[in-house]
Amino acid sequence: MNDIEIDDEKRQKVRNRLARARGQIDAVIRMLDEDGQCLDIISQMTAATKAVDKATSSMIFAGLECCYKEDIEGDKREKLEKLFMTL
């Protein structure tokens, strides 16, 4: 199985999104332990989910970009990336 190569900038962006999600999940756990407000907990859970989803989309796009680099260039590449980020 071939490894997917992702450049350092993209890797750092994915890592930052996941770190943000971890912080939000830690906040949810803290709020649950401290009997926090339901709406605040749901808001943090939603934010964490979105952060993980965006990190996942970025990794999927990086894989496609690595495997099909010659086929997706310029405007097509930008449109495909925007599409993945909206998923």
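This is a predicted model: local features need pLDDT of at least 70, side-chain atom pairs count only at pLDDT 80 or more; totals for chains, interfaces and linings use all residues.
Residues are numbered from 1 along each chain as its sequence is written, and side-chain values use heavy atoms, with hydrogens and water left out.

**Helix α1**

- Helix α1 covers residues 8-33; helices here are DSSP runs (H or I, at least four residues), numbered from the N terminus.
- Its 26 residues should span 38 Å at 1.5 Å a residue, and the 37 Å between its end C-alpha atoms agrees with that. The expected span is 1.5 Å times one less than the number of residues.
- At the start of α1, Asp 7 puts a side-chain oxygen within 3.1 Å of the backbone nitrogen of Glu 9.
- Several α1 residues are buried, including Val 14, Ala 21 and Met 31. Buried means under 20% relative accessible area, exposed over 50%, and partly exposed in between (1.4 Å probe, protein chains only).

**The salt bridge**

- The structure has 1 salt bridge, meaning a side-chain nitrogen of Lys or Arg within 4 Å of a carboxyl oxygen of Asp or Glu.
- Lys 13 and Glu 9 make that bridge, at 3.6 Å from N to O.
- Both of these residues sit in α1, 4 residues apart, or about one turn of the helix.
- An α-helix has 3.6 residues a turn, so residues three or four places apart point the same way.
- Lys 13 is partly exposed because its relative accessible area is 48%, whereas Glu 9, at 55%, counts as exposed.

- Gln 24 is part of α1, and its 14% relative accessibility is why it counts as buried.
- Skip the neighbours within four places in sequence, and Gln 24 is in contact (heavy atoms within 4.5 Å) with Gln 44, Ala 47, Ala 48 and Ala 51.
- Glu 65 belongs to helix α2, residues 38-67, and is buried because its relative accessible area is 12%.
- The C-alpha atoms of Glu 65 and Ile 6 are 8.9 Å apart, although 59 residues separate the two along the chain.

**The loop**

- Asp 35 has its place in the loop between α1 and α2.
- Its phi is near 55 degrees, a positive value in a residue other than glycine.
- With 68% relative accessibility, Asp 35 counts as exposed.

Notes: Helices (H or I, at least four residues) and strands (E, at least two) are DSSP runs, numbered from the N terminus. A polar contact is a pair of N or O atoms within 3.5 Å; within protein, one must be able to donate a hydrogen and the other to accept it, and residues adjacent in sequence count only if both atoms are side-chain atoms.
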